Amino acid sequence: MLAKVNSFALSGLDGYKVDIEIDINAGLPKVEIIGLPDTAIKESSERVTSAVKNSGYHFPIKRVIVNLAPADTKKEGSLFDLPIAIGVLAASEQLFSRSYKDYVILGELSLDGKLRPIDGLIAILISGMQQGYKKFIIPRDNAAEASFIKGIEAYCVGTLKEACELLEEGGNVAPVPYREFESSPAEAVFDVDFADVKGQVAAKRALEIAVAGGHNVLMIGPPGAGKSMLAKCVVSIMPDLTFDEAIEVTKIHSVAGILDEKKGIVTSRPFRTPHHSTTVPALVGGGTKSKPGEVSLANHGVLFLDEVPEYSRHALETLRQPLEDGFVTVSRVQQTVRYPSHFMLIGSMNPCPCGNFGSKKHICTCTPQSIRKYINKISGPLLDRIDIQIELDAVEFNELRSRAEEEKSADIKARVMKARAVQSARYDSLPIFTNAEMNNRLIKEYCEIPAEAESLMESAFKKLSLSARASFRILRVARTIADLEGKDKIETAHVAEAIQYRSLDRKYWN
Amino acid sequence: MREFSASQRAILQLASVQGLTYRQKAALLSLCETSEELFAHLYSYHNEIAEIGDGIFEKIEAVRDRFDPIRLYTYMEKIGAQAVFRGENDFPASFELLEECPEVLFYKGDIGLINEECFAVVGTRAPTRYGRDVTEQFTREISRGGFTIVSGLARGVDAIAHRIALEENRSTIAVIGCGLDVVYPAENKQLYDDIGEKGLILTEYYFGEAALPYHFPERNRLISMLSQGVLVTEAGLKSGTMITVNYALDQGKDVFLVPGNVFSAASKGTNEMLHNPQCMIACSAKDVLSYYKKDVEKQEEEAVQLTASEVMVYGALQDDDKHFEELIAITGLSMGELMATLTKLEVLGVIKRLPGNYYGI
């Protein structure tokens, strides 16, 4: 007898329907899986055989053929275990109800018949819903993930036996209740606050501007200046995740298999810190399975590269496209997938290989060439995408600063939110959200500056030997500073401040 | 291109033997009257040459067959280099006083500069900010005072001294420790080209000769010899600058030292040398210029109108460099205001931004 079970597979962040057809014929006892399965799926015959037996059923001693349709796409993962098992039971008439046809069935089995969670469930549920499927049977451990999707009925089961009982009796089990999304404050997750960072007011100000305008930042400072600490604090002043953003982030994290199963959804902005030994596929995505890389995992959050010049040149250059386009396209022989990558890049680096260049206390032992070589590891085109570059120095001004109360992240965040609101009102009819995304045409439109500022910029270029391409970036940052102050027009002071955020253009590096 | 005489060709030929110290070259020449003779009767001098150093005979022998004056002319013309021989008008007269005077000098640029009043500015290759500032300021004023700045086109103080002289549109002479067609260190290429155009690059080394470590002390004796005096702006204990100072003292030149912070390793050398009663202290360029009875040229300062906050920031920077945070604490300005004020002052050229978020005058 033939059984046909509905299931889903993943391609990138999108699910597609897979029909699992099971036929039982006379012949030598064997399970044959066809339809371009990968190794994990081929091995599922062993898991299914044991799970069926250990759940109190008989596995038919016949020739079992499992076909995964469409037959011409390569399928991967272990999520077909449960649908195959259900199909076998239905085909061998141990499962009498035909209700399994109403469900999309997903799950990995262990040998004792228990269900194990699967990766990428939320992406599958959303695709399934969009394609008109309402009822799903999913592993219980994935329940949290399913609870945030409105308009579906996700039934959670813990074992193969439970799944069969659900199908036979129906009605008795209630679907996972829908939960309202609530973003959790980043402080609660990351346990950092700008109030914990003593001093470094200039850096804090620069980071506030960066977050307000969505600008990328490069921090230059000796070891121990607090670069990593400041970077970690950045998420605490970013606006809360919206539901749509959260779903997008959760999808990626779910597909990558790093989602917290208990929570089921990502509630705070991701903060990713790939090590500098990272490979290109790990950074931008890829590998045989075309998994999302760090740039996508940092989507809607922060990608922090500590010691930027230590990363391989190749890895750094691959960041250019995701920074520019907001997505990465990962092309492999098997498939081409597209992952979103809207992240804020925060880089940190030492001012020179020994770290003491410009320090008051220590002597720099580097030669000018070695410094230039070190700085030049960051190519011009990449630097072009970093609007704000600031310098830090480890300073102790205990007696100077002790009376000053350090500002809390929450207060800074409030200002950031205001500036963001101004921007989203301005770019209402445009496909961009922040000042950093303005192209040259928009800069001309929205960044008018007074004549005084114009001449200031001109003399700044001459006197401070700024590179010419800095001008647009200065204007973008000036726009953000004006937005933070709630000013409609950019003033000279805003431009003057923006000029200070062009550290790497300065002469003294050469 | 002028033709070289037979004896000049022989001198060039001897100069083209690479890897000889100037003492060895002088010893070779003392064997016979002229270098021409040396090459003519090379084999009869075999034993004497072998005594001067191992392998020298073989080197000379190899050059004897390979040397091609026509190729040398075309090459010199191509790179714009010229040669001046001992005894010629353009040859620096002071070099004749040297114990081992070079027989030939190669140069690029204006050889007439050697007749100007020359003053050497030398120092460490890795100056601290103090060394940089001292070099910049002293060189600027000394060159304004009418001196041609002589230095060695090395990294650090040397390069700064040359650069400032060029910035001031004054003449400068670089005495280098390698062939004219070797740019060492490579990062000074631009400076090298500029000096070749507007100043003078001088060397006793033949084309293609690399910058070998022992060349620099040899080169230093020419730097001090060419100059009336030597200013050391910053030097550590093991600095090659000490060699220049010793040469200068032997040659009876004036030595000026800029004292440094007693805790700074980079100033240990200059401070140590201050014990030598023959050296003079230079606390400003005026000390140097007034010694030579020269006027200190007053810089015409443009009067700039500063706002209240600009005056406040400028005042705060008067005694020492300040970190951005110190400035906030002192001035009480908001961060945005302070940043804007700093940019304006910087553009006016009143203050300088320093690495590490420091500001100074």
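Mentor: Domain bounds here come from an automatic or database domain assignment. For chain B that gives domain 1 (1-73), domain 2 (111-291) and domain 3 (308-360). Between the centres of domain 1 of chain B and domain 2 of chain B there are 31 Å, taken over C-alpha atoms. Keep in mind that this is a predicted model, where local features need pLDDT of at least 70, side-chain atom pairs count only at pLDDT 80 or more, and totals for chains, interfaces and linings use all residues. Residues are numbered from 1 along each chain as its sequence is written, while chains are lettered from A and ligands numbered from 1 in the order in which they are written.

Trainee: How many residues of domain 1 of chain B are in contact with domain 2 of chain B?
Mentor: Five, and they meet four residues of domain 2 of chain B. Contact means that the C-beta atoms of two residues, placed from the backbone, lie within 7 Å. The domain 1 side has two nonpolar, three polar and no charged residues. Ala, Val, Leu, Ile, Met, Phe, Trp, Tyr, Cys and Pro count as nonpolar, Asp, Glu, Lys and Arg as charged, and the others, Gly among them, as polar.

Trainee: Why does A:Leu392 count as buried?
Mentor: Buried takes 20 or more other C-beta atoms within 10 Å of a residue's own, exposed 12 or fewer, and partly exposed is in between, with C-beta atoms placed from the backbone. A:Leu392 has 25 such neighbours, so it is buried. Its contacts, beyond four places in sequence, include A:Met219 and B:Asn357. A:Leu392 and A:Met219 are 173 residues apart in sequence, yet 7.0 Å apart in space, C-alpha to C-alpha.

Trainee: And why is A:Leu466 called partly exposed?
Mentor: A:Leu466 has 19 other C-beta atoms within 10 Å, so it lands in the in-between class. A:Leu466 sits in the loop between helix H20 (451-463) and helix H21 (470-484) of chain A. Helices (H or I, at least four residues) and strands (E, at least two) are DSSP runs, numbered from the N terminus.

Trainee: What makes strand E10 (322-323) of chain B an edge strand?
Mentor: E10 of chain B pairs on one side only, as does strand E11 (352-354). Two strands pair if DSSP finds at least two bridges between them, and two bridges join E10(B) to strand E12 (residues 358-360) of chain B. The open sheet has the order E10-E12-E11 (chain B), with antiparallel pairing.
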